[in-house]
Amino acid sequence: MEGEKKSSAAVSDVGAWAMNVISSVGIIMANKQLMSSNGYAFKFATTLTGFHFAVTAIVGIISNATGLSTSKHVPFWELLWFSVVANMSITGMNLSLMLNSVGFYQISKLSMIPVVCVMEWILHSKKYSKEVKLSVVIVVIGVGVCTVTDVKVNAKGFMCACVAVISTSLQQISIGSLQKKYSIGSFELLSKTTPIQAGSLLVLGPLIDYYLSGNLIFDYNFGPGAIMFILLSCSLAVFCNVSQYLCIGRFSAVSFQVLGHMKTVCVLVLGWVLFDSELTFKNIMGMMVAVVGMVVYSWAMELEKQVHAKTTIPHAKNSLTEEEFRLLERMESAPAKDPESGGTKVFES
């Protein structure tokens with residue numbers, strides 16, 4: 001019975017990972033076609049994110065209305081605070097990409113793993129083993145080698161990158177914290193936060209996109225092809241958002257960041273296969289190092305689980321034995337009713 005539970009949990013974990021990887025890589029490919037100059041030149045990334053959250057919110061409302069999911073109470077101020085942090089993350093990332101070089105943008109994304117580790121240590125007193133730290137370093141080096149090229153930075157871009165990294169790390173940590181604090185499922189939490197995020201991004205998104213691109217979304221020509229890719233992007237975003245909350249709820253923000261770099265490797269490979277993007281020897285070597293780091297990370301996390309199990313199970317067994325021992329002592333010393341005679345019966349050793 002216990003083996004069946006473990007195997008079903010493992011299948012669920014793999015399913016959550018697979019859903020996140022497939023949907024995330026799919027949405028990047030769809031957005032590449034939608035937003036590139038060779039595609040449909042839809043330059044409104046922040047507003048598109050608002051569309052993503054709006055569709056996810058509608059799916060959540062339908063799910064709650066039909067009874068497929070249950071709604072639990074979470075204080076509105078916590079939902080509002082979370083939504084503000086999440087929107088700062090999205091805006092900060094877009095501004096960082098616009099104001100900095102692609103190389104520095106990639107470095108800022110790589111810095112999220114150590115930032116998440118430090119923030120979890122500060123906020124939750126979480127500690128990491130040497131093996132986990134080593135694997136994270138290997139992953140960061142590998143992804144850095146295959147993605148970082150030119151590195152140019154300025155004061156405004158650096159400030160936006162700092163805001164993006166801190167807010168993204170805090171958002172991902174908060175997903176797991178809110179789920180544990182209010183015993184709420186990943187989809188239930190998502191359905192509560194997305195309406196706030198959608199409303200704010202649909203209002204502010206066009207203004208932010210105008211600042212970033214110099215174009216108004218109201219002047220864009222929405223042809224059939226562009227609409228089809230927007231709908232595809234929004235559909236994939238539902239799976240991407242749900243799987244993100246699932247993964248962080250099941251594992252941790254650090255694990256989710258490591259998974260994110262695995263998606264980077266997949267995007268590079270698919271870009272080479274589908275869009276004839278250049279794939280150099282440096283890219284290939286970096287990807288191989290990153291994959292080794294991910295394997296080491298998986299091994300290190302499994303090792304941590306085994307060590308944790310060994311330290312917790314004996315203590316639980318000792319506690320249980322003491323309780324049983326006390327119960328036996330009471331049974332030996334205390335008189336009890338004899339069910340047959342109606343009198344008292346003394347337990348004999």
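Helices (H or I, at least four residues) and strands (E, at least two) are DSSP runs, numbered from the N terminus. The model described here is predicted, so local features need pLDDT of at least 70 and side-chain atom pairs count only at pLDDT 80 or more, while totals for chains, interfaces and linings use all residues. Residues are numbered from 1 along each chain as its sequence is written, and side-chain values use heavy atoms, with hydrogens and water left out.

Helix H3 spans residues 76–99 and gives the largest share of a nonpolar surface patch, namely 4 residues. The patch covers about 430 Å² and is made by Phe-76, Leu-80, Val-84, Met-88 and Val-163. Patches are built from residues with over 30% relative accessible area and no salt bridge; like charges are joined within 9 Å, and nonpolar side chains (Val, Leu, Ile, Met, Phe, Trp, Tyr) within 5 Å. Accessible areas come from the Shrake-Rupley method with a 1.4 Å probe, and for residues only the protein chains shown count as cover.

The whole structure holds 2 salt bridges, each defined as a side-chain nitrogen of Lys or Arg within 4 Å of a carboxyl oxygen of Asp or Glu. In one of them, the side chains of Lys-181 and Glu-78 meet at 2.9 Å, N to O. Because Lys-181 belongs to helix H7 (residues 155–181) and Glu-78 to helix H3, this pair ties together parts that are 103 residues apart in sequence. Another salt bridge joins Lys-126 to Glu-120, with the closest N and O atoms 3.8 Å apart.
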